[in-house]
Amino acid sequence: MAFFNNHSDNLSLDDTALVRQCQRGNSEAMGCLIVKYQDRVYNTILKICQNRDDAAELTQDTFVKVLESIQTFGGRSSFYTWLFRVAVNLTLNYCRRRFKLSGVSLDAADERLEKDKERLALLLADPNGPDPAAIAQQRELAQIVAGLIGQLPQDYRVVLVLRDIEQMSYAHIAEVLDLEAGTVKSRLNRARTMLRELVETVLT
Amino acid sequence: MNETPKHEIEELLNALVEEEPNERQKTEFKRLIQHDPSLADQLASLRQQKQLLNALPVEAAPASLAEDVRAALERKMILGDYQGTTGRIVAAGHLFMRRALTVAAMLLLPLGLLAVVVFDVLKPPSEQGDYVPARKTLARDDAGQPQTPPMAPAEVFPFDGILVLKTVQPIAVSNSVEKMIFDQGLINVMLPNRTAEDTSYQITAPPEKIVALIDSLETLWPDCGEVTLSVRGGSQEQAIDIPKVQPDQITTLAQENSGELLSRLAKRYASANLEKEKMFAHTPDDPAGELTGQGYPPLNVPILTGRVEPAPITPNGPAQPSIRLRIDVKRTVD
């Protein structure tokens, strides 16, 4: 299979055309779909599972699962939604198994991390503080944020990641998670409040 | 503040964060903020938090991801675990090729090992010298013609000859030869080959046995019109034909243990016999044939042999290597 050659022509195609070509056995189109979505899928999985190696493996598993069953894709939902449903389900199943096996939550508690948390909380608490985008570009602080997301309960974490990081619409989130839109909205509200409270606890 | 108001406040704040509040929510927030000014800070904090999450840097997926996916898909195809139709033909080809190669390896490996074992068993040991098929020696030539291939190693089997007895009484002579062979106890090492006109006796025996046989066959010489010995020994490639060969010449040659000397001696006998045939066939000086018992002068034995008389036969002595002699009895027209 020549996955990595001459993507440029196919990248301009929409998902429907690429999926159709994949279903005809065009391996180049498969490569295009991977290149198009690999970073978004990887980041979403990484924010949920909080481990780079696991995220890489789960991303690979996601694309393998999607491409090997692409013949069964009927187009009732968008390819993007289908892809993320597979990715999230794989990740959630993996996280449940891992939690059962290890029983550890993700909590870095060394002194430096605590100082970074405190700094982040102060920045977020100041309405006249620096631009959040500038904060996010500071690697240590970005890692703290990601770590705090990891402390959220899994169901809330997923909704927060899909909405505030992946910027998925409520309808898509509901489709990906197979939930009612109202449930998605209430979980998101709760997740945001919990994250803000986590930051505030650092200050107290 | 009870749970319901808190839940409603939470929902209201998030609606404001999403920037989709309706007029009723806006009015409600204004009313609430008058009673609890901290709600404004909460809203600001939530908006900052949302912006922060939106702005988190996107980490690149591993560079080898697409390649890993391709490898994983190929692996699934090869293992027959791929459910899709895409690449199914390729997968089937892969699978068939791998299975065919596996079967071929399973068949060829034991065959190869068996071939090595068989070759090891059948090949002649190198210490015994070069292998020369027995049928290519002079004595085993069925056609009775001297053969050019090398004979057995000269140092071990220097004598290899064909004695041709041409007679008008082939049956009588053959019977006598057979009787002599039987009397010498060589019947077990003799291979007769009879045709309508000729009879061949192939004998492989120690030199002393051959000498004794030749001595006993001496009585047949008068019955044979022509007696010829073709002999070859040592590294000499061409057979030497000795016409009118005499029994004592054969016994001398049979006991020679040097192939080179055997060849020289055979040549001397051949030339001497031709000479004496010319010299004494019609000589007026010896009409009674008194010079020799058979009308021939004593043969001048080559000094290279170092002996005048044939070595005595020692039947009970140490075992000697075998030599080969074929006796052909052929019919001649009188």
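**First stop: the sheet of chain B**

Six strands form an open sheet in the order 2-3-6-1-4-5, and their pairing is mixed. Colour strand 2 (190-194) and strand 5 (240-243) of chain B: these stand at the edges, each with a single partner strand, so one side of each has no neighbour in the sheet. On average, neighbouring strands of this sheet are turned by 15° against each other, direction ignored.

Next, select strand 1 (residues 160-167) and strand 6 (residues 323-331) of chain B. These two strands run parallel and are joined by eight bridges. Which residue of strand 6 of chain B is the bridge partner of L163(B)? The partner is I327(B). As background, strands of a sheet pair through backbone hydrogen bonds, either parallel or antiparallel.

**Second stop: two helices within chain A**

Select helix 3 (residues 27-49) of chain A together with helix 4 of chain A. Their axes come within 9 Å and cross at roughly 140°, which makes helix 3 of chain A oblique to helix 4 of chain A. The crossing of these two helices is right-handed. To see where they meet, display side chains: among the residues of helix 3 of chain A are M30(A), I34(A), Y42(A) and C49(A), while those of helix 4 of chain A include R52(A), D54(A), L58(A) and F63(A). By class, this contact has 12 nonpolar, three polar and two charged residues.

Helix 4 of chain A contributes residues including A56(A), Q60(A), V64(A) and E68(A), and helix 4 of chain B contributes residues including L65(B), D68(B), A72(B) and K76(B). The contact between these helices has eight nonpolar, two polar and three charged residues.

**Last stop: confidence**

Colour chain B by pLDDT. The chain averages 74, and 68% of the residues score at least 70. Select residues 127-137 of chain B, where pLDDT stays under 50 and the model has 12 contacts beyond four places in sequence. Then select residues 140-155 of chain B, where pLDDT also stays under 50, with 30 such contacts. Where pLDDT is low, the predicted coordinates should not be read in detail. For the model as a whole, the scores are ipTM 0.79 and pTM 0.49.

Conventions. Residues numbered from 1 in each chain as written. Chains lettered and ligands numbered in written order. Predicted model: local features only at pLDDT ≥ 70, side-chain atom pairs only at ≥ 80, totals over all residues. pLDDT = per-residue confidence, 0-100. Contact = placed C-beta atoms within 7 Å. Helix = DSSP H or I, 4+ residues; strand = E, 2+ residues; numbered from the N terminus. Nonpolar A, V, L, I, M, F, W, Y, C, P; charged D, E, K, R; others polar. Pairing = 2+ DSSP bridges. Axes fitted to C-alpha atoms, helices over the stretch in contact; angles between N-to-C directions. Parallel < 35°, antiparallel > 145°, perpendicular 65-115°, else oblique. Left-handed = near helix turned anticlockwise from the far one by under 90°.
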